[in-house]
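Colleague: I am new to reading protein models. Could you walk me through one, feature by feature?

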Amino acid sequence: MGIFSRRQTATLEPTPSAGPGSPFPAASGAELDPALRALTGQWTIDRPHSRIGFSVRHAMVTTVRGAFADYDSTLYFDGARPSESRAEIVIRVAGVDTGVEQRDTHLIGPDFFDARRHPEMSFRSTSTIHEGGETFRMAGDLTIRGVSRPVELQLDYLGSVVDPFGFERAGFDGTTTIDRTEWGLVYNQRLETGGAMVSEKVRLQFDISAIRSTPQA
């Protein structure tokens with residue numbers, strides 16, 4: 001995500017404290033960069049320059065990484081009132097890519113994603129909190145194999161830039177760790193020395209380059 005240059009600002013304004021009817025969730029000591037206000041609007045993930053991926057421990061000694069190439073996204077960022085920000089990502093699981101065709105075929109089969117019966121997984125946000133500086137926490141519902149459960153993403157704002165083609169871009173990194181068995185992905189093999197072939201803990205990673213899709217207000 002090094003293509004983004006962090007905006008430099010001379011002052012920081014404190015986020016108003018939460019109270020009855022306040023649009024700002026409580027976040028102790030949170031400060032909001034005034035430059036973020038200029039980013040308010042609708043955005044779309046630029047798939048060729050983004051990565052929605054995962055990593056999981058394999059055989060207790062190494063890490064397998066994969067990504068999803070086929071998805072749709074709708075993002076709304078409110079730089080003045082982060083609590084109004086929201087995101088929705090719908091992923092076609094058949095597009096999973098770990099670099100090994102046989103493994104990908106297994107992942108989209110009934111042992112894991114079961115793409116024939118559940119072709120899509122999704123994340124839909126339910127709340128966003130500015131935790132301070134350029135860090136946010138976004139809660140939402142993650143749906144896999146028809147099972148929806150709440151998750152929380154840590155989001156770090158990386159900066160914004162107008163690229164040589166005139167597109168306004170903003171960069172975010174998001175991460176969370178889930179227990180895949182809570183979504184019905186329970187397949188596993190046990191190792192003779194103990195432990196599992198595939199860890200139940202999966203780290204989800206969102207490396208986002210978003211393009212503004214509506215004119216700035």
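**Reading rings, strands and a core**

Modeller: Gladly! This is a predicted model.

Colleague: How do I describe a pair of aromatic rings?

Modeller: You give two things, the distance of the centres and the angle of the planes. A search of the whole structure turns up 6 aromatic pairs. One of them is Phe 54 with Phe 68, a tilted pair with 5.6 Å centre to centre and 45° between the planes. Phe 54 belongs to strand 4 (residues 51-58) and Phe 68 to strand 5 (residues 62-68), so this pair ties together parts that are 14 residues apart in sequence.

Colleague: Are Phe 54 and Phe 68 buried or exposed?

Modeller: Buried: the relative accessible area is 8% for Phe 54 and 7% for Phe 68. Residues count as buried when that value is under 20%.

Colleague: And what kind of pair do Phe 77 and Phe 136 form?

Modeller: That pair is edge-to-face, at 6.0 Å centre to centre with 85° between the planes. Phe 77 sits in strand 6 (residues 71-77) and Phe 136 in strand 10, so the pair ties together parts that are 59 residues apart in sequence. Ring pairs also link Phe 77 and Phe 136 with Tyr 157 and Phe 172 in a cluster.

Colleague: Now the strands. Where do the side chains of a regular strand point?

Modeller: They alternate between the two faces of the sheet. As a case to trace here, take strand 9 (residues 120-132), which pairs with strand 7 (residues 86-92) in the antiparallel sense over 5 bridges. In that pairing, Val 90 stands opposite Ser 122.

Colleague: How many bridges join strand 9 to strand 10?

Modeller: There are 9, and these two strands run antiparallel. Ile 129 of this pairing faces Arg 137 in strand 10. Strands 9 and 10 make a hairpin with 2 residues between them, and Gly 133 in the turn has a positive phi of about 60°.

Colleague: Which residues of the largest nonpolar core touch the most other members?

Modeller: Ile 52 and Leu 142, in a core of 42 residues. Strand 13 (residues 198-212) gives the most to this core, with 6 residues. Beyond its sequence neighbours up to four places away, Ile 52 touches several residues, among them Ile 45, Phe 68, Ile 91 and Phe 206.

Colleague: Where does Asp 114 lie?

Modeller: In the loop between helix 1 (101-108) and strand 9. Asp 114 is buried, with a relative accessible area of 7%. Leaving aside neighbours within four places in sequence, its contacts are Leu 107, Ile 108, Gly 109 and Arg 145.

Methods. Residues are numbered from 1 along each chain as its sequence is written. This is a predicted model: local features need pLDDT of at least 70, side-chain atom pairs count only at pLDDT 80 or more; totals for chains, interfaces and linings use all residues. Side-chain values use heavy atoms; hydrogens and water are left out. A nonpolar core is a set of buried Ala, Val, Leu, Ile, Met, Phe, Trp, Tyr and Cys residues joined through side-chain atoms within 4.5 Å. Buried means under 20% relative accessible area, exposed over 50%, partly exposed in between (1.4 Å probe, protein chains only). Helices (H or I, at least four residues) and strands (E, at least two) are DSSP runs, numbered from the N terminus. Contact means heavy atoms within 4.5 Å. Two strands pair if DSSP finds at least two bridges between them. Rings of Phe, Tyr and Trp (its six-membered ring) pair if their centres lie within 6.5 Å; planes under 30 degrees apart count as stacked, over 60 as edge-to-face and the rest as tilted.
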